[in-house]
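Here are my notes on this model. Please keep the structure open while you read them.

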Amino acid sequence: MDTTETGLSSGAMASVTALYAEHSLGLVRLAVIMTGERAVAEDIVQDAFLGLYRRWDQVPAMTAPLAYLRVSVVNGCRTALRRRSLSVRWPGAGPGGDLDEATLAAGRGGLVESAEASVLLNEEQRAVAAALRALPRRQREAVVLRYYLDLSVEETARTMGVSLGTVKSATHRALAAIARTLKEAS
């Protein structure tokens, strides 16, 4: 990106580039867990970093750019899942007009995994991932942010834009649902 077009300093470019090098992989993993699709996850993370770069001089003191990125990625995942849900409810809606089988499978709660992901995950991991994907959005977000990204309850609440109690109850319900699902499967 040309910094002369945006009027931002090369310092902003260097700062965002350093953040990207350090945190992009973890954010992509977060988005993959949330959306179930690597390509969509990568797009969401790229958009988040672009948004951060564009707003670098506007966000007050940019004291917590990683928190900004997490919120942006979670919101991007919500938008992607909402679009997917709408496409499945009204087939033919969307850019191409016709939905492909992968989109339909993902909308029914299934996930089309890449060959690499299928080989790398053992049966137990697949069962846990499927149970996680079956959770309602808020519960899935709470579990992923708390236990995958290892955020505190407070950080999770800020990222999700909810209260501490909501994070605690969503996490508790999610873990109970995952345990029930895994027990039924065994």
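1. Confidence comes first. This is a predicted model. Its mean pLDDT is 78, and 73% of the residues reach 70 or more. One stretch needs care: over residues 90-111 the pLDDT is below 50. Beyond near neighbours in sequence, that stretch has 23 contacts in the model.

2. Next, the overall make-up. The protein has ten helices and zero strands. Along the sequence, the pattern reads α-α-α-α-α-α-α-α-α-α. The protein has 186 residues, and 33% of them are buried. Now take the contacts between residues at least 6 apart in sequence. Of these, 56% join residues at least 24 apart.

3. Look at helix α3, residues 38-55. This helix has 18 residues. From its first C-alpha to its last, α3 reaches 26 Å, close to the 26 Å expected at 1.5 Å a residue. Which residues of α3 are buried? They are Ala 41, Ile 44, Val 45, Ala 48, Phe 49, Gly 51, Leu 52 and Tyr 53. An α-helix has 3.6 residues a turn, so residues three or four places apart point the same way.

4. Stay in α3 for Gln 46. Its relative accessibility is 40%, so Gln 46 counts as partly exposed. Gln 46 and Leu 27 are 19 residues apart in sequence. In space, their C-alpha atoms are 9.8 Å apart.

5. Now a helix pair. Two packed helices are described by the angle between their axes and the distance between the axes. For α8 (residues 137-148) and α10 (residues 164-185), the axes come within 8 Å. They cross at roughly 95 degrees. Angles of 65 to 115 degrees count as roughly perpendicular, so α8 and α10 are roughly perpendicular to each other.

6. Which residues make the contact between α8 and α10? From α8 come Arg 138, Gln 139, Ala 142, Val 143, Arg 146 and Tyr 147. From α10 come Thr 166, Val 167, Ala 170, Thr 171, Arg 173, Ala 174 and Leu 175. By class, this contact has seven nonpolar, three polar and three charged residues.

7. Last, find Thr 156 in helix α9, residues 153-160. Is Thr 156 buried or exposed? Its relative accessible area is 0%, so Thr 156 is buried. Leaving out residues up to four places away in sequence, Thr 156 touches Ala 142, Leu 145, Arg 146, Leu 151 and Val 167.

Methods. Residues numbered from 1 in each chain as written. Predicted model: local features only at pLDDT ≥ 70, side-chain atom pairs only at ≥ 80, totals over all residues. Heavy atoms only, no water. pLDDT = per-residue confidence, 0-100. Contact = heavy atoms within 4.5 Å. Axes fitted to C-alpha atoms, helices over the stretch in contact; angles between N-to-C directions. Helix = DSSP H or I, 4+ residues; strand = E, 2+ residues; numbered from the N terminus. Parallel < 35°, antiparallel > 145°, perpendicular 65-115°, else oblique. Nonpolar A, V, L, I, M, F, W, Y, C, P; charged D, E, K, R; others polar. Expected span 1.5 Å × (residues − 1). Buried < 20%, exposed > 50% of the residue type's maximum accessible area, 1.4 Å probe, protein only.
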